[in-house]
Structures are given as structure tokens and as C-alpha cells.
Amino acid sequence: MATNIVSLEAVTKSYAEKRPLDGINVGIDDGDRCGVIGINGSGKSTLLKIIAKVEPADSGRVVHRGGLRVRYLDQQPVLTPDLTPVEAAGGTREAEAYLDRLGLGGVTQPVGTLSGGQRRRVALAEVLADDPDLLILDEPTNHLDPDVIEWLEGLLTARSGSLLFVTHDRYLLGRLATRIIEVAEGEVFTHHGSYADYLEARAARQEQEQAEARKRSNLARVELEWLRRGPKARTSKAKHRVDKATDLVAAAAIKVEEREMSIDLPSRRLGSKVTNAHNAGKSFEDRTVLRDVELKVPPNARWGFVGPNGSGKSTLLAMLAGRMEPDEGSVRIGETVHIGWYGQDPTPMPPRTRVIDAVKEVAEEASTVDGLVVSAGDLLERFLFSKPAQRAYVEELSGGERRRLELLRVLADAPNLLILDEPTNDLDLDTLTVLEGYLDSWPGAMLVASHDRYFLDRVCDDLYAIRPDGTLRHQPGGWTAYREAQKAEAAALKAQRAAHEAAQREARSGDSSGSAGGNKPGKLTYNDKREFGQLGVEIPRLEKRRDELHLLLADAADDYEKAQVLSEELTAVMTRLDEAEMRWLELAERSEASS
């Protein structure tokens, strides 16, 4: 029988006019891996903070099992700025090993000088190394490349302790969670099982709610008809009928307000020419980011671009959008193209702009796909901004609400070429699901750069990977097809090396059998043995540095000079690693043959 380790009893939390948690009750058992979901601003992070006891509840009780060890990773962790990464992560060997895997091995500069993404990885290494009874993670995959996310998946799956986490990465959620906690309208709904199980249960729950809403609506109509019969019907004996009618009408009205997000905005007509790149290249100082880019984007493009941060994805999108000129070659954009740009960085808006005014700047009103003309306020309601929320200032929005507002502004302008640069950052799962469904029938062209594996699989028909030398590699299909192709190439390369080494052994065997005297066939000389031992030390060091460089490149997106140096070092490390591995295998086989 599962043992309860955390209990929340009638917990309430309010901020100004918002009450994300309203008298909730929830428990966490030993061994639970709970994924927390909900729309932006629903209270997911608030719930995590209250469970971690880093923020108090306004009322109710938060009870931890005696001696429970809890560690919490905030989206914006606070670290002592003058400590080194190893010191900030706890100073243990395990913390140092996690920092190595997260690309910060050997970094000795104070954490106060690191980028936000690097500081988050230091904080992640700290909470992982402490191995608590309950590990609480708020968006742990932010600023991580897909390879590192896959490593983190394996690590968290193997943990024996309990896990509570918020993530927009649906592959991580689907592979880790054994229980789902949904936060909505001040309440929490718990489902035991996987994320897929939860989705099925939620669909059934929504169908039941809709049936109940229809029943209430029908009863309300009957009662309204009774009320309209005139004063004679409303005697003191029928007062309960008046109360009943009032309650039913009010309940029906409330249900009308509880709407799901919907996107049904059209695009403009798009001609046959979208955007074409011919022999395009881009450099920053001494670093060539892109070279020899040949692309002809068709009107029905569903293209994704992948590569580590700093590899040139955003630069390529900016060139294809005409926001940045190539240094060589050309980019030509069709005359009918109207671009919708949804970038990584928030669009500048005066902080005291009201939400409704921010939309009116783009469109006072807009037509839906069905031809219905709706106001800016109606558009906001479709994007889950209630009427009171529409009067809020932009500076009062959460990060996710701000991103949802920006998405509305982009789509309300009716673009026909949609360019999305890391679109899943800060968007909740429901918004992403609706956006993906909208893109299924999107009549224009779409170009996207993302680290979100699920999103790439869901919306992309083709991927283009940016190689270290700045050229593009085309891969039909989404992320999974790309990864499978990578694995197949690695297997083919391994087989090729094995065949080459076998041929070398055969040649050496032939030479030895035809010679008189000399060393025993395959026997290692003194220098061979010395080299063999040195390679056993060098190869792990090269592998470690390779992984570090991949992650350091991810944090050098805005420092092109640094990224150039790192890219060149990575190329040299990979070349030397290949040579070292082949030589080690050769010496190992000779050693075995002579023993």
C-alpha cells in the first residue's frame, strides 16, 4: 500500500484579483511521478511552491511526512553569485558529474556571471545530486538540447524517490508521469495513470459535462417559459419555481463562459512563390554560421529546422523572412507573401498597455475561417482572456499569458507565411494542442525552429539540420525520423570501421606470416603498450569535452565570436576522437591476439 508523504488540505492562495488555488485537497504518495498541467496562469507553479514550502498558503494545511527531504527547482533559481558552479551545486563528486553531463564541467567562473540557462543547469545539478525523497521540478527541460533531455528522462525514470514536475515537453511527460494533476479554475483534478490515460479520461469528463450543460440549458428554457406566463403564475406558492428558474439560468450562463481556447483565424491568399534562398550564407565576424543554403519554400511547406543553440536556426529563419540580409548569395520573397513572425524574444510592448489595446493595435476586428466578423474582445475570449483580464496591463501577465497574447497578435494579422522560432517556450499544453490542430489545416506555409521533439513530430513534414560547417542536411519526416536516420548512420559508420579494421588485421597477418624472426604476430611493442594506456585516458576526456562543447554552443547563441571558437574546437575534438577510437580498437585486438 502506498505511503502518503505530502497532503494539502483546503489550501487557498490568492494574488490581487486572481485565486489560482481555492480550497484544494491533494496528496502525493511515496514513489509517485506526478506531472502537473494546466493553462498558463492557472496556478501550476504556485502549487509546486506551496508543496515545496517555499511559499505559504493563505489558508489550509500543508503536511509533510516526518523527516521528508524535498528539493525544488524554480524556473528562476536564486544562487549565491560568487560561488563556482561546483560549489553552488553542492561541491560533491556527484554534483560535479552532473555538471559535466550538463555541459558545465571545468567552468570555474562565478555563477553570477553565467547566463540564465547556465544558472538553471547549475541549479538542476544541485537538486539532482542531493537525491531527495521528493524532487520538484518546474520546467526542467528549458535551455536543454534534445540529447540532454533524453539523458534526463532516463535519469528521472530510474529514480526511486517521488517526483513532481511541470513541463511543456509532452514526450517527457508521457514517458515519466504515472499520475497527472490538472490545475484549472482554482481546482485540481487528479488522474492515476499515464498522460495518455489522462487525456482519455478528460475527454470522457468533458463529454459528461457537456451533456449536463445541455440538460441544464433545456431545463432553464422550460423554467423561463413558465416565468414569462405573467404575474399570475408567480404566486407565493410558486416562489421555489422562481428560485429554481433563477438558479438554472445562472448555471447555464456560467457554463457558457467556461470555454476552451479556439483558433479559427484565416490566412491571406498565397501565390506559388514563397521565399527562395540561392547559395545564401551568413557570417558574424570570423564565424561562418550558414553557407551554401539552397532552399525553395513551397506554398504548403511544413518545415522544421534543428540544431544546437547557436548553430544558426534563428539566423536562417530571419534571412528567409527578410529580416536579415545574407552576406553571400540571395533570398527572394514572393510578392503575395505576408509574414507572421513569432520569435523567441517577447515583442516589445509598453508595459502599461492594456491587453485589449494590444490586440486593437493589430486588428479592431477580424474575420474567422467561417466568415464571422468578431471584435478584438471576442478574439481575446477565444484565447482565454476573460473580460476582466482584457483590462489588465501587459506587465501584469504571466510569461505564458504574454506568449499567448503575442500568438493572437500574430495570427490576427492573417499571415500566409508563419515563422515560429521556439514556439513552445512558455505555452501550456492545451494551447499547444489547439495550435497544432490549427496548423493541420493552415492553408499557408510554415517554417519552425524548435527543440520540442513532440512539436516537430506533430507539425513538420520535413526537417533541415544545420551541420557544424553551416550547411543544411534534409531529412523527410519529423524528429523521430531524423533521430532514426542518425542512429542508422552511426551504425553504418561503426560497421565501416569494423570492416576497415578487419582488413588491416588481415594485411598485418599476411605480412607477419611472410617474414622471418621479428616480433610475435600482433605482439605490442613497448611504445604500443604506452600508447594503448594513454588512449584509455584520452578517449573518456575527449568524450567529456565533446558533450561539454555541445552544451556550451547552446549558450553562445548571441556571442558569435565565442560560438565560432567553440564550433572549431568541437570539429577538432570529434576528428581526434574518431582517430583515437580506431587506434585503440586496433591496439586492443593486437593485445588480445598476443595474450
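Reader: In what order do the three strands of the open sheet lie?

Author: In this predicted model, three strands form an open sheet whose pairing is antiparallel. The edge strands, each pairing on one side only, are β11 (287–297) and β13 (328–333). Neighbouring strands of the sheet are turned against each other by 25° on average, direction ignored. The order is β11-β10-β13.

Reader: How many bridges join strand β10 to β13, and which residue is the bridge partner of H278?

Author: Strand β10 covers residues 275–284 and runs antiparallel to β13. The number of bridges that join these two strands is five. For H278, the bridge partner in β13 is S330.

Reader: Which helix packs on the sheet, and what angle does its direction make with that of β10?

Author: The helix that packs on this sheet is α9, made up of residues 313–320. Helix α9 touches β10, β11 and β13. Its direction and that of β10 make an angle of about 135°.

Reader: Why does N279 count as partly exposed?

Author: N279 is found in strand β10. Partly exposed is the class between buried, under 20% relative accessible area, and exposed, over 50%. N279 therefore counts as partly exposed, as its relative accessibility is 33%.

Reader: What distance separates the C-alpha atoms of N279 and D292?

Author: Leaving aside neighbours within four places in sequence, N279 is in contact with D292, V293, E294, E328 and G329. One of these, D292, is 13 residues from N279 along the chain. The separation of their C-alpha atoms is 4.3 Å.

Reader: Which element gives the most to the lining of the second largest pocket?

Author: The second largest pocket holds about 1,700 Å³ of space, and 48 residues line it. Nearest its centre lie D147, Y482, Q486, H550 and M574. Elements giving two or more residues to this lining include β11, α5 (146–158), α16 (479–513) and α17 (526–554). The element that gives the most, with 10 residues, is α18.

Reader: What percentage of the residues in the protein is buried?

Author: The secondary structure comes to 18 helices and 20 strands, and the protein has 595 residues. The protein exposes about 29,000 Å², of which carbon and sulfur atoms supply 49%. Buried residues make up 47%.

Reader: What percentage of the contacts with a separation of 6 or more comes from residues 24 or more positions apart?

Author: The contacts counted here are those in the protein with a separation of 6 or more. Among these contacts, the share from residues 24 or more positions apart is 69%.

How values were computed. Residues are numbered from 1 along each chain as its sequence is written. This is a predicted model: local features need pLDDT of at least 70, side-chain atom pairs count only at pLDDT 80 or more; totals for chains, interfaces and linings use all residues. Side-chain values use heavy atoms; hydrogens and water are left out. Two strands pair if DSSP finds at least two bridges between them. Helices (H or I, at least four residues) and strands (E, at least two) are DSSP runs, numbered from the N terminus. Axes are lines fitted to C-alpha atoms, for helices over the stretch in contact, and angles run from 0 to 180 degrees between N-to-C directions. Contact means heavy atoms within 4.5 Å. Buried means under 20% relative accessible area, exposed over 50%, partly exposed in between (1.4 Å probe, protein chains only). Accessible areas come from the Shrake-Rupley method with a 1.4 Å probe; for residues, only the protein chains shown count as cover. On a 1 Å grid over the protein atoms alone, a cavity is a set of points where a 1.4 Å probe fits but cannot get out, and a pocket is an open set with protein on both sides within 12 Å along at least five of seven lines; lining residues have an atom within 4 Å of a point. Grid points are joined across faces, edges and corners, and a volume is the space filled by probe spheres set on the points.
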